Amino acid sequence: MKIEEMHRRILTEMDLSREIEDEELMEVIHRVIEEASEEQYLPLQERISCGKELFNALRKLDILQELLEDEEITEIMINGTRNIFLEKDGQIQESDKHFVSEAKLEDVIQQIVSDCNRFVNESSPIVDARLPDGSRVNVVLKPVALNGPIVTIRKFPKEFITMDKLLEWHSISGEAAHFLEMLVCTKYNIFISGGTGSGKTTFLNALSHYIPKTERIITIEDNAELQLTGVANLVRLEAKNANVEGEGAVSIQQLIKSALRMRPDRIIVGEVRSEEAIDMLQAMNTGHDGSLSTGHANSPKDMLARLETMVLMGAAIPLPAIDRQIASAIDVIVHLGRLRDRSRRVLQITEVLDVVNGEIRLQPLYEFEEKGMKNGKILGELVKKNELSSEAKRLAAGY
């Protein structure tokens, strides 16, 4: 008997007119599995696997639950009911799992988005959400998704990734980590750039733990993913999508403006993508030193160009004025990347200097230099290139 047939038989035997406890459900599942094993022999291990799969289908997130519990999986890509792809150790492979029906997959999607007060349907077919463990979820439904509901889940490690762990993985050198600790403690404004999947949120989390625990910190995110611990005076803000009537949306831009009235010592913006960039830069320029944020870009120079574009999306400001705002606001850019061996590394630490002849000057402080390969892994290190030019904040803090 196939798992789909067992699922149908369980639904037939259950009294759906009342609330059924987990213990009662498990009894029905075990009975159906026993009946199935009488029709066709099932080894003990397969019975246990079927029982878990059926319980997850009826009580949790169906086959998705098992994939979420597998800590080796870092990304789950669901392309309709039949095609599920997984990322393990940086390699993408196809799963042998699939949903029994499109309706079941849509039920799981609605369960995910409703748990974080979001909604998605045919009239509003795209949504970003998160799971209770902080994993990032993107959903696209019909009619936009032609081959059925599309779900992409970026999982985060259950164990908090500290800077010590990044050092252990050789993602950063000890000298560079100590340098960044000094920058955070002395309130330099730091921007983290990198491509998709380069580890920006993880690195921001690790970096934020250098912030003194006595400060008042306000975090602003599209989906709450940051995991600051040990901070008593912490305010966590999350953007809100519009409701079914298209009302009630609260943007990152609005949250930044509100945060400025909350007497923050530091503001951490999970990621800037659009016109909120101008408000973030103004916050950095109006006494909120030590602020942190991230953005998508291929290099520190590209990050500055993207910030220029984002500011222009929200305000008709001359480009020279924008460049002066950026150069005054951001002190250091930390650029992350994913190398061809799929490892995530800090590739550049760059100081933002000033504007000369209409161009923002950058000074490399550390750059990753490749030394070769061993056992399929890239060997290399962050090499110091220059000393930090702007020492005012360091000296003011007594370092």
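Which element gives the most to the lining of the second largest pocket? Select β5, which contributes 3 residues there. Keep in mind that the model is predicted.

**The second largest pocket**

The volume of this pocket is about 390 Å³. To find its centre, select Arg136, Asn223, Glu225, Glu271 and Arg273, the closest to that point of the 18 residues in the lining. Next, show β5 (136-140) together with β6 (150-154); these are the elements that give two or more residues to the lining of the second largest pocket. Colour the lining by class, and it divides into 9 charged, 7 polar and 2 nonpolar residues.

**The largest pocket**

Now move to the largest pocket, which holds about 1200 Å³ of space. Its lining has 42 residues, and those closest to the centre are Thr74, Pro157, Trp169, Arg338 and Arg344.

Then bring up the strands β1 (73-79), β12 (332-338), β13 (344-356) and β15 (377-384), along with the helix α8 (200-208). Each of these elements supplies at least two residues of the lining of the largest pocket.

Which element accounts for the largest share of that lining? Select α8: 4 residues of the lining of the largest pocket come from this helix.

How values were computed
Residues are numbered from 1 along each chain as its sequence is written. This is a predicted model: local features need pLDDT of at least 70, side-chain atom pairs count only at pLDDT 80 or more; totals for chains, interfaces and linings use all residues. Side-chain values use heavy atoms; hydrogens and water are left out. On a 1 Å grid over the protein atoms alone, a cavity is a set of points where a 1.4 Å probe fits but cannot get out, and a pocket is an open set with protein on both sides within 12 Å along at least five of seven lines; lining residues have an atom within 4 Å of a point. Grid points are joined across faces, edges and corners, and a volume is the space filled by probe spheres set on the points. Ala, Val, Leu, Ile, Met, Phe, Trp, Tyr, Cys and Pro count as nonpolar, Asp, Glu, Lys and Arg as charged, and the others, Gly among them, as polar.
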